[in-house]
Amino acid sequence: MDEDMPMQTGMDAGDNPMVGGAPMFPSRNIVENAVNSADHTTLVAAVQAAGLVETLQSEGPFTVFAPTNMAFDALPDGTVETLLMEENRETLTKVLTSHVVAGNISAAQLTARARASSDGFYHFNAVSGAALSAQVRPSGDVYIFDESGNAYLVSVADVNQSNGVIHVVDGVLLPR
């Protein structure tokens, strides 16, 4: 993955939202789009350090809850630097794969499933095995809960990719 990958012009991003000041092209895969988002440089570095680039470029489909740089910055001091160390690659991989769900789940599907459940939550598992839940607040905002009970807003939903969908979240989902 090349962080300096030039933006291709003349391509139509369609109705896809901009993320991190960059158009997100539905014809590109998750990694190809993520490298262009100024808001996801820490996530891109972490994906590279964990050796997950090839996986996230594969056919999928995947639903990725993509934490922003600000989300990583909100972690305790030194956490990101520690996770990026080679000796912590297994832990980094578990954290990152706690943000990835097999399949292509739109915000409308998350909302419908949460509203249809008896407890108001849609419960599902990340590819790491981590338990996640989605809840729709009265405002209509969707929040994703991690295993530790932290709830993070889906700030940008339905960023379609050739191999799935990205939902930008304002926090890092942590496994137990």
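This short report walks through the fold, the surface and one residue of the chain.

## About the model

What you see is a predicted model, where local features need pLDDT of at least 70 and side-chain atom pairs count only at pLDDT 80 or more, while totals for chains, interfaces and linings use all residues. Residues are numbered from 1 along each chain as its sequence is written, and side-chain values use heavy atoms, leaving out hydrogens and water.

## Overall fold

Reading from the N terminus, the order is α-α-α-β-α-α-α-β-α-β-β-β-β-β.

The C-alpha trace spans about 45 × 40 × 25 Å along its principal axes. Of the contacts (heavy atoms within 4.5 Å) with a separation of 6 or more, 58% are between residues 24 or more positions apart.

Buried residues make up 47% of the 176 in the chain; buried means under 20% relative accessible area, with a 1.4 Å probe and protein chains only.

As for charge, the chain carries 7 positive and 21 negative side chains. Lys and Arg count as positive, Asp and Glu as negative, and His and the chain ends are not counted.

## A look at Thr97

Where does Thr97 sit? You'll find Thr97 in helix α6, which covers residues 89-97. Thr97 counts as buried because its relative accessible area is 16%. Setting aside neighbours within four places in sequence, Thr97 touches Leu52, Ala126, Val127 and Ser128.

Technical notes:
Helices (H or I, at least four residues) and strands (E, at least two) are DSSP runs, numbered from the N terminus. Buried means under 20% relative accessible area, exposed over 50%, partly exposed in between (1.4 Å probe, protein chains only). The place of a charge is taken as NZ of Lys, CZ of Arg, CG of Asp or CD of Glu.
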